[in-house]
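Subject: Structure handover

Hello,

Here is the structure I said I would pass on. My notes on it follow below.

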Amino acid sequence: MGLCLYLTYASFTFMQIHFITLLLVLLTSSALSSTTSRISLVSTTIFDVVQYGAKGDGIIDDSPAFIAAWKAACQSTPNTTSILNIPVGRTYLLKPIAFSGPCKPSKIFVQNIRLAQPTLKLSRKQVAGNIVGSNNKTDWMSNHGDSWLLFSMVSGLTVSGNGQIDGQGPIWWENACIGTPSPALQFKRCIGLRLSGLTHVNSPRVHITITTCNDVIVSNLHIIAPETSPNTDGIDISGSVNVNIRDSIIATGDDCIAIGGGSSYIKISGIMCGPGHGISIGSLGHGGTDVVENVDVHNCTMIKTLTGVRIKTYQGGTGYANKISFTGIKFDAVNNPIIIDQYYCPSHKGCLTSTSAVNLSDITYRGISGTSNTDNVINLSCSKTVACTNIVVDSVHIKSAIPGRKVYGSCINACGRATHVQPYLDCLKPSTDLCNGPLS
């Protein structure tokens, strides 16, 4: 069995003149029988992390070996292919490490190979080799911020496979707000990112962040942490454009997916979420201006989550979030299935009261069904001074998870229309009303 991680790497310039491909793969001995993909070994130079000092015993720090092998592969002959070879069947202990470029070769593969074969068929079906963080907190100090594994300024990057990345979260969770690193895996200023297949477990805080990236596809991930683990979001997106997250299982102690400010053209589909805090937009407006637009969340399932689909903003913020749709969502015994919360204040201390708020508009909930553990199943709590406008609630049917118990919906300063909704929702103001002023 083996871990497969494919990384496609390219120099990060806005002109994108020189592309460099990076593949990170840990394979099984049966890899040659699979037909998933092929890698040509013509004009290839191999850089084996073991030859650079990696032990793969899960005890000795392999970070220096990975860095040395990376630098050698990255600075190899231009316009050729470099292979950074990571032998299978081992556990590689890594301290915080940054993979960045630009690199000289036209292609870089980080993988396990058999040189006897001119063409390699890669298996994505088996899991063996792991990457783990240290269980010693002092080993998490780094000079590239507070993330563990950082990929920055990379174009054409693909990270794919069936291996496991273990962030050793339990050593941090007891005092979650004291020096806790976040995230475990960070992608920053990446263009054309592809991430799929891996299992991510027990991050100290957020498992994966996507920051200031463009053209991203994330698929077929498993992200797992205990329900009680604090701040262990599955995937956080911020400042990014054209992000597609699909067909993944996320079960953590916080948001399965959170979409932060500066993000647009985000598509999320086929997500199995729970436990956790559902799929959230926000929080927005915490100490400044945030903008989110063109978000499509569809065909997702929430199971026993703290919230379902949520938009959360702080009082006193500015900016806007618009053109947002939640369609084909299924709830199974969730709390707060549909919620807009413009009074978000998780500490419940010193909460700001302000006439300023992030402006929410053009939000659609359609084709949603399931059960709720709470009675208020549709809660549209908008700012009292800046109304939510053009809210559409259509073909929504949510009942109590407790047989015979009644459920209801509520609104604060929300404008729009509701059709074919159970429970009956009559608190939305018609969009033609003057609904931007304070409540009378």
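Is Arg194 buried, exposed or partly exposed? Arg194 has a relative accessibility of 27%, so it counts as partly exposed. Please keep in mind throughout that this is a predicted model.

Salt bridges

The count of salt bridges comes to seven. One of them joins the side chains of Asp215 and Arg194, with 3.3 Å from N to O. Asp215 belongs to strand β18 (residues 214–219) and Arg194 to strand β15 (residues 191–196), so this pair ties together parts that are 21 residues apart in sequence. Like Arg194, which is partly exposed, Asp215 is partly exposed, at 33% relative accessibility.

Asp255 takes part in two of the bridges I looked at. Its side chain meets that of Arg310 in a salt bridge of 3.0 Å, N to O. Arg310 is in strand β27 (residues 309–313), while Asp255 sits in the loop between β21 (241–251) and β22 (257–259), so the two tie together parts 55 residues apart in sequence. The side chain of Asp255 also meets that of Lys312 in a salt bridge, again with 3.0 Å from N to O. Here the link runs from the loop between β21 and β22 to strand β27, and the two residues are 57 apart. Asp255 is buried at 2% relative accessibility, Arg310 is buried at 10%, and Lys312 is buried with a relative accessible area of 5%. Elsewhere, salt bridges with shared partners join Asp61, Lys95 and Asp139 into one network.

Disulfides and other cysteines

There are three disulfides. As a reminder, a disulfide is a covalent bond between the sulfur atoms of two cysteines.

Cys256 and Cys273 form one of them, with their sulfur atoms 2.1 Å apart. The link is right-handed, with 85° about the S-S bond. Cys256 is in the loop between β21 and β22 and Cys273 is in strand β23 (residues 263–273), so the bond ties together parts 17 residues apart in sequence. Both cysteines are buried.

Another disulfide joins Cys382 to Cys388, at 2.0 Å from S to S. The torsion about its S-S bond is about -115°, so this disulfide is left-handed. Cys382 and Cys388 are both buried.

The remaining disulfide to report joins Cys411 to Cys427, with S to S at 2.0 Å. Its torsion is about 50°, so it is right-handed. Cys411 lies in strand β34 (residues 408–412) and Cys427 in the segment after β35 (414–422), so the pair ties together parts 16 residues apart in sequence. Cys427 is partly exposed, with a relative accessible area of 25%.

Cys213 is buried at 3% relative accessibility. Cys300 is buried, with a relative accessible area of 1%.

Aromatic pairs

The count of aromatic pairs comes to eight. In one of them, the ring centres of Trp140 and Trp148 are 5.5 Å apart and the planes stand at 50°, so the pair is tilted. Both Trp140 and Trp148 are buried. Phe326 and Tyr365 form a stacked pair, 5.3 Å centre to centre with 15° between the planes. This pair links distant parts of the chain: Phe326 is in strand β28 (residues 318–327) and Tyr365 in strand β31 (residues 359–372), 39 residues apart. Phe326 is buried at 1% relative accessibility, and Tyr365 is buried with a relative accessible area of 0%. Ring pairs also link Trp70, Phe99, Phe151 and Phe187 into a cluster.

Ser229

Where is Ser229 placed? Ser229 is in the loop between β19 (222–224) and β20 (235–238). Ser229 is buried, at 1% relative accessibility. Its side chain reaches the backbone oxygen of Pro226 at 2.6 Å, and a polar contact of 2.8 Å joins it to the side chain of Thr232. Leaving aside residues up to four places away in sequence, Ser229 touches Trp173 and Gly253.

Regards

Terms used: Residues are numbered from 1 along each chain as its sequence is written. This is a predicted model: local features need pLDDT of at least 70, side-chain atom pairs count only at pLDDT 80 or more; totals for chains, interfaces and linings use all residues. Side-chain values use heavy atoms; hydrogens and water are left out. Helices (H or I, at least four residues) and strands (E, at least two) are DSSP runs, numbered from the N terminus. Buried means under 20% relative accessible area, exposed over 50%, partly exposed in between (1.4 Å probe, protein chains only). A polar contact is a pair of N or O atoms within 3.5 Å; within protein, one must be able to donate a hydrogen and the other to accept it, and residues adjacent in sequence count only if both atoms are side-chain atoms. Contact means heavy atoms within 4.5 Å. A salt bridge is a side-chain nitrogen of Lys or Arg within 4 Å of a carboxyl oxygen of Asp or Glu. Rings of Phe, Tyr and Trp (its six-membered ring) pair if their centres lie within 6.5 Å; planes under 30 degrees apart count as stacked, over 60 as edge-to-face and the rest as tilted. A disulfide is a pair of cysteine sulfur atoms within 2.5 Å.
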